[in-house]
Amino acid sequence: MDLPRSTPSSTSMGKPPSQEIYRSTKTYDHTEGLSCCFRQWKVSHSHCRLIHGYALAFKFIFATDRLDEHNWCLDFGGLKPVKEWLKHMFDHTMLVAKDDPELPRFEILQRDGLIEMRVIPTVGCEGTAKYVFDFLENYTREQTKNRVWLESVEVKEHGGNSAIYSR
């Protein structure tokens, strides 16, 4: 049997050439201890309107069209400040949406030392994914001089529920 000596290129098959993209992922699992609580005050029909908590997990997908001098998409060692920021934001904290009508009550709990409150635009997996994406995208571009971009952030409440934000 004769085997072909080379594979036809995508241009010889009528397809435009594609740009190579390298992707790397970084995961902070439920075991990281990023345990926070929140309530989704706008969902009056659901028990999610009540304060509840999760040990959140995060998955980041980074991409580049050119590797660095070490042949890496991203040096994961450079994410140590990101891990510290995640701990600051989500380790034993209470996330409160900036438009939550009970924000003044949460401020009293914060003042009295009963909670570590973080006010963010919206709460829940979707809002948290966007909030983290906005922070991490800027950090990634600054650290890599725009060589690497953030493709997506996934936030998991547990093994069954997650949300992904990308641009």
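Which backbone oxygen does the side chain of Thr93 reach, and at what distance?

Tutor: The side chain of Thr93 reaches the backbone oxygen of Met89, at 2.7 Å. That is a polar contact: N or O atoms within 3.5 Å, where, within protein, one must be able to donate a hydrogen and the other to accept it, and residues adjacent in sequence count only if both atoms are side-chain atoms.

First, the ground rules. This is a predicted model, in which local features need pLDDT of at least 70 and side-chain atom pairs count only at pLDDT 80 or more, while totals for chains, interfaces and linings use all residues. Residues are numbered from 1 along each chain as its sequence is written, and side-chain values use heavy atoms, with hydrogens and water left out.

Thr93 lies in strand β5. Helices (H or I, at least four residues) and strands (E, at least two) are DSSP runs, numbered from the N terminus. Is Thr93 buried or exposed? Thr93 counts as buried because its relative accessibility is 4%. Buried means under 20% relative accessible area, exposed means over 50%, and partly exposed is in between, with a 1.4 Å probe and protein chains only.

Now its surroundings. Setting aside residues up to four places away in sequence, Thr93 touches Ser35, Cys36, Cys37, His88, Glu116 and Arg118. Contact here means heavy atoms within 4.5 Å. One of these residues, Cys36, stands opposite Thr93 across strands.

β2 and β5 run parallel, joined by two bridges. Two strands pair if DSSP finds at least two bridges between them. β2 also runs antiparallel to β3 (residues 52–55), through four bridges. There, Phe38 stands opposite His52.

The loop between β2 and β3 holds Ser46. Ser46 is buried, since its relative accessible area is 16%. A polar atom of its side chain lies 3.0 Å from the backbone nitrogen of Cys48.

Next, Phe90. Beyond its neighbours within four places in sequence, Phe90 is in contact with Leu34, Ser35, Cys36, Leu56, Phe58, Trp85, Leu95, Thr128 and Val132. Phe90 is also one of the residues that touch the most other members of the largest nonpolar core, along with Phe58, Phe60, Phe62, Leu86, Val132 and Val153. That core has 31 residues. A nonpolar core is a set of buried Ala, Val, Leu, Ile, Met, Phe, Trp, Tyr and Cys residues joined through side-chain atoms within 4.5 Å. Two or more of its residues come from each of β2 (35–38), β4, α1, β5, α3 and β7. The largest share, six residues, belongs to α3. A second, separate core has six residues, including Val96, Leu103, Phe106 and Met117.

So to helix α3. Its 20 residues (125–144) should span 28 Å at 1.5 Å a residue, and its end C-alpha atoms are 27 Å apart, which agrees. The expected span is 1.5 Å times one less than the number of residues. Buried positions in α3 include Cys125, Thr128, Val132, Leu136 and Tyr139. An α-helix has 3.6 residues a turn, so residues three or four places apart point the same way. The cover over these buried residues includes β4 (57–64), α1 (80–90), β5 (93–97), β6 (117–120), β7 (148–158) and β8 (161–166).

Lys145 has a positive phi of about 50° although it is not a glycine. Lys145 counts as exposed because its relative accessibility is 70%. Asn71, in the loop between β4 and α1, also has a positive phi, near 65°. Asn71 counts as exposed, at 60% relative accessibility.

Finally, the whole chain. The protein chain has three helices and eight strands, in the order β-β-β-β-α-β-α-β-α-β-β. Of its 167 residues, 35% are buried. Among contacts between residues at least 6 apart in sequence, 67% join residues at least 24 apart.
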